[in-house]
Amino acid sequence: KQFYPIARPAILTGFISYILAAFTLLVDLGQPQRIWHLIIYWNVHSPLFEIGWCVMAYTTVLALEFSPVIFEWLGWKVPLKIIRAITIPLIVAGITLSTMHQSTLGTMLTILPWRIHPLWYSPLLPLYFYLTAIAAGLAMTVFESFHSARTYGYPFELGVLSKVTKVIPWVLGSYFVIRMADMAINGKFALLLEGGAPTTMFIIEMVGGVLIPIAYFSDRRTRNDSNGIVWGAYFTMGGLILYRLHTALIFMDGAVYIPTWSEIAVTVGLTCLGVIMYDLAVRFLPMFPEPTPKAVKQL
């Protein structure tokens, strides 16, 4: 109950993100009209099969978790009562599904040991993807709460967010220790002596995206300072973005890949669509416990 003020915006953020992920796949697949093949033809040995099913199921769970907002807005009491009765099972299902597919995103890359740069390849990729997703998800909650407060005039729930983000140092600390041990055991620290772009970006990723957030969120004074907690969130999210890009894109196959303008345009366009969807939800739906601020009504 103490996290109730940030629950609905966090669910909305996740729901929109998964909708955008589905749109991205429709653009990227090349044969989007065949997405139903995943439902009919089961290849249980493929990580993509598990990812596809989990993403579809988790998007459905998020829709159900978000549905009370719609039902309250429409004044539908019976569906609202039903959803509230199954809230706990929905939460359990959501955690299970997101755990499965976030880790399986890393599993999918374990079949490419000769293409991913050795600084990022590891049999422990599923664990790394899972841990970084937890940290970035918590940071995204701070990011969303801060911009909602600044844009719409809602209170910035610093006390609640401080309790949420104190988990981040434990998650990132575990990730850092395991990854450094993994590199030491497999003799990969010698690769850092080679220099070049991979070494530089590896250091930036680990310092900026892991060590700095650990320092930020380990200090209670920083967590209880609005500027400190927001900057810590920026660094954490940036670390996840760099890790995913380095692992799956930029240093793939020993070459540095830079996305084309069309790929960047799709990403920017879908991001803007997500912002518009969030804005419309905040303006017209009961997203926050507090009454709608005058600033929103006047816009």
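Predicted model: local features only at pLDDT ≥ 70, side-chain atom pairs only at ≥ 80, totals over all residues.
**Stop 1: two crossing helices**

Select residues 4–28, which form helix α1, and residues 125–152, which form helix α6. Two packed helices are described by the angle between their axes and the distance between the axes. Here the axes come within 10 Å and cross at roughly 110 degrees. Angles of 65 to 115 degrees count as roughly perpendicular, so α1 and α6 are described as roughly perpendicular to each other. To see the contact, show the side chains of Ile 6, Pro 9, Ala 10 and Thr 13 on α1. On α6, the residues that make the contact are Met 140, Thr 141, Glu 144 and Ser 145.

**Stop 2: a nonpolar patch**

Next, switch to a surface view and select Leu 25, Leu 29, Ile 35, Trp 36, Ile 39, Ile 40, Tyr 41, Trp 42, Val 44 and Trp 53. These residues form a nonpolar patch on the surface, and together they have about 1100 Å² of accessible area. Then pick out Trp 42 in this patch. Trp 42 sits in the loop between α2 (37–40) and α3 (47–74). Is Trp 42 buried or exposed? Its relative accessibility is 56%, so Trp 42 counts as exposed.

**Stop 3**

Side chains of opposite charge can pair when their charged atoms come close. The model has five salt bridges. For one of them, select Arg 179 and Glu 205, whose closest N and O atoms are 2.9 Å apart. Arg 179 is in helix α8 (residues 168–185) and Glu 205 is in helix α9 (residues 196–218), so the pair ties together parts that are 26 residues apart in sequence. Both residues of this pair are buried.

Keep Glu 205 selected and look at its surroundings. Glu 205 counts as buried because its relative accessibility is 1%. Which residues is Glu 205 in contact with, leaving aside its neighbours within four places in sequence? They are Trp 120, Tyr 175, Arg 179, Val 210, Gly 239, Leu 242, Tyr 243 and His 246.

**Stop 4**

Move to helix α12, residues 261–284, and select Arg 283 and Asp 279. These two residues are four apart, which is about one turn of the helix. Their side chains meet in a salt bridge, with an N to O distance of 2.7 Å. Arg 283 has a relative accessible area of 26% and is partly exposed. Asp 279, with a relative accessible area of 18%, is buried.

**Stop 5**

Now select Arg 221 and Asp 219, which form a salt bridge with their closest N and O atoms 3.4 Å apart. Arg 221 has 68% relative accessibility and counts as exposed. The figure for Asp 219 is 23%, so Asp 219 counts as partly exposed.

Finish with Thr 222, in helix α10 (residues 220–223). At 17% relative accessibility, Thr 222 counts as buried. What does Thr 222 touch, not counting residues up to four places away in sequence? Thr 222 touches Tyr 216, Gly 228 and Ile 229.

Methods: Residues numbered from 1 in each chain as written. Heavy atoms only, no water. Patch = residues over 30% accessible without salt bridge, like charges linked within 9 Å, V, L, I, M, F, W, Y side chains within 5 Å. Areas by Shrake-Rupley, 256 points an atom, 1.4 Å probe, with all protein chains shown as cover. Salt bridge = Lys/Arg side-chain N within 4 Å of Asp/Glu carboxyl O. Buried < 20%, exposed > 50% of the residue type's maximum accessible area, 1.4 Å probe, protein only. Axes fitted to C-alpha atoms, helices over the stretch in contact; angles between N-to-C directions. Parallel < 35°, antiparallel > 145°, perpendicular 65-115°, else oblique. Contact = heavy atoms within 4.5 Å.
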